[in-house]
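I opened a new page for this one. Here is what I looked up, in the order I went.

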Amino acid sequence: MSFDDRTPVLVGVGTAAQRLEDPSDSVEAVGLMAQALMAAADDAGASELIGRLDQVRVTKGTWGYSDPARWVADAVGANQARSFLADVGILQTAVMGDTAAAIASGAADVVAVVGGEAKYRGLRAAITGVDAPDTDQGGAEPDDFVTPHGMIISRAEIDTGLVMATHHYAMIENARRFADGQTIDEHRDVVAGLWARFAQVAAANPDAWFRDGLDASAIATPENGNRWLAWPYTKWHNSQWNVDQAAALIFCSAGTARSLGISADLWVFPWAAAESNHMVAVTERPEPHRSPGFVHAGRAVHNHTGVAPNDADLVDLYSCFPIAVRTQAMEMGISLDRDLTVTGGMTWAGGPLNNYVIQAAVKLAQVLRADPGSTGLLTSISGMITKQGVSMWSAKPRAQPFANIDVTDAVAAELQPKPYRTGDNEQAEVVSYTVIWGREGPERAVAIGEFPDGARTLLVSATPAIMSAAVAGEFCGRGVIARADGSFTPID
């Protein structure tokens with residue numbers, strides 16, 4: 001099949017990892033990113049790609065680098081490349097989709113997308129007392145810096161102490177259980193069974209951070225260090241970010257790949273990418289367990305490529321928490337009975353903050369190369385299933401050009417936030433809730449309440465009897481009295 005020289009292709013993929021007990025023997029996150037980028041160039045069999053990089057794009061992590069892409073570019077000898085930083089809250093699908101679109105339009109020719117963390121190094125430094133500082137770039141600024149518009153979480157959520165992703169996702173999970181009509185025990189077993197299947201994929205993945213292959217019982221039971229975080233989630237339901245991992249992708253035009261003699265056996269084609277950036281806080285979503293953004297993004301990719309999400313040969317769904325996977329599958333019509341990850345997911349393969357999708361793209365590309373006729377669906381999430389990204393890939397080219405599709409307006413027209421207000425000794429119905437744990441035990445129950453007028457509110461209780469009842473029986477759908485001080489009391 002003939003196709004245009006401006007067709008974007010992924011030609012090089014690479015990873016880097018370390019797991020050293022002495023942090024003084026470890027490299028920092030930017031060092032791992034540089035290693036991954038060189039590995040990607042080696043993978044393509046074309047070291048010349050480094051000297052032709054127009055841009056190095058880095059997705060922001062937990063580190064404090066002000067211009068990490070410049071550090072990485074200089075480290076590999078790509079001094080000519082522009083530096084780019086995507087802040088937390090920017091979809092990784094968007095970073096890759098915009099890269100492919102820039103190449104297709106001729107605005108760029110060779111671009112690297114890189115991300116990485118060295119939080120295990122930092123953890124070991126804290127445990128051992130060994131100094132392991134990160135490079136201070138002295139306030140250097142990237143050539144291009146992309147930040148999200150608006151806040152991922154609401155002011156009311158922040159004021160209530162709902163600042164951790166675990167808290168929000170636990171409430172989304174509980175809302176889904178109630179909507180599905182499951183008992184607490186039925187729901188526990190479904191979620192743990194799903195995550196055990198992810199653990200088995202990671203056990204067979206040599207690049208996975210945890211390869212122990214825990215079973216469903218170990219995941220569901222709060223024993224042996226598997227403590228509660230936010231009910232119904234234990235540690236082993238949670239994305240694990242204390243990892244030292246980096247990944248890099250090198251994209252270029254088909255014409256450049258040909259001119260550099262890069263084997264066509266290595267080419268992987270992004271067929272389409274779709275994203276929604278419409279942000280509604282969890283508290284204000286009409287149905288917290290639903291995500292219209294994935295409906296629209298999945299449909300847009302399907303319409304452009306002719307491949308429905310469930311018909312893709314390979315699938316890797318963003319997997320920060322079980323409900324993220326379950327929501328995506330529901331909204332895009334993907335069977336939960338099929339394999340839903342190529343890596344093992346963010347709990348087991350490793351969840352480096354804001355760059356897991358780059359890690360997954362490396363593995364997906366490797367598997368697609370081994371089966372050139374196959375297709376792969378890769379998704380991303382930003383926030384609390386707040387933004388949604390879907391992309392389709394294959395080692396087989398298509399006559400139809402790559403499409404970068406924004407479905408934000410369509411999602412915004414469908415998903416309107418509920419009004420929010422505080423109560424004054426009024427009756428409300430619990431939409432969802434969680435009980436937040438500390439290391440010493442449960443600390444507070446937090447509930448989303450809805451008043452008869454449709455307005456939402458956030459309510460908190462640290463009463464031991466209420467917290468115990470909330471994990472022993474279903475609180476969704478229950479009536480409560482919303483007090484003026486933000487506390488609540490169950491009516492029955």
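To start, I count two strands as paired if DSSP finds at least two bridges between them. Helices (H or I, at least four residues) and strands (E, at least two) are DSSP runs, numbered from the N terminus.

My ground rules: this is a predicted model, where local features need pLDDT of at least 70 and side-chain atom pairs count only at pLDDT 80 or more, while totals for chains, interfaces and linings use all residues. Residues are numbered from 1 along each chain as its sequence is written, and side-chain values use heavy atoms, leaving out hydrogens and water.

**The sheet.** I found an open sheet of six strands with mixed pairing, in the order β1-β8-β4-β2-β3-β5. Its edge strands, β1 and β5 (144–146), each pair on one side only. I then looked at β4 and β8, which run antiparallel and are joined by nine bridges. Here V110 stands opposite C252 in β8.

**Helix α1.** I traced α1 over residues 29–44 and got 23 Å from first C-alpha to last, close to the 22 Å expected at 1.5 Å a residue (the expected span is 1.5 Å times one less than the number of residues). Just after α1, G45 takes a positive phi of about 70 degrees.

Which residues of α1 are buried? I used under 20% relative accessible area as buried, over 50% as exposed and partly exposed in between (1.4 Å probe, protein chains only). The list includes L32, M33, L37 and A44. The buried residues of α1 pack (contact means heavy atoms within 4.5 Å) against several elements, among them β1 (8–17), α3 (68–76) and β8 (244–253).
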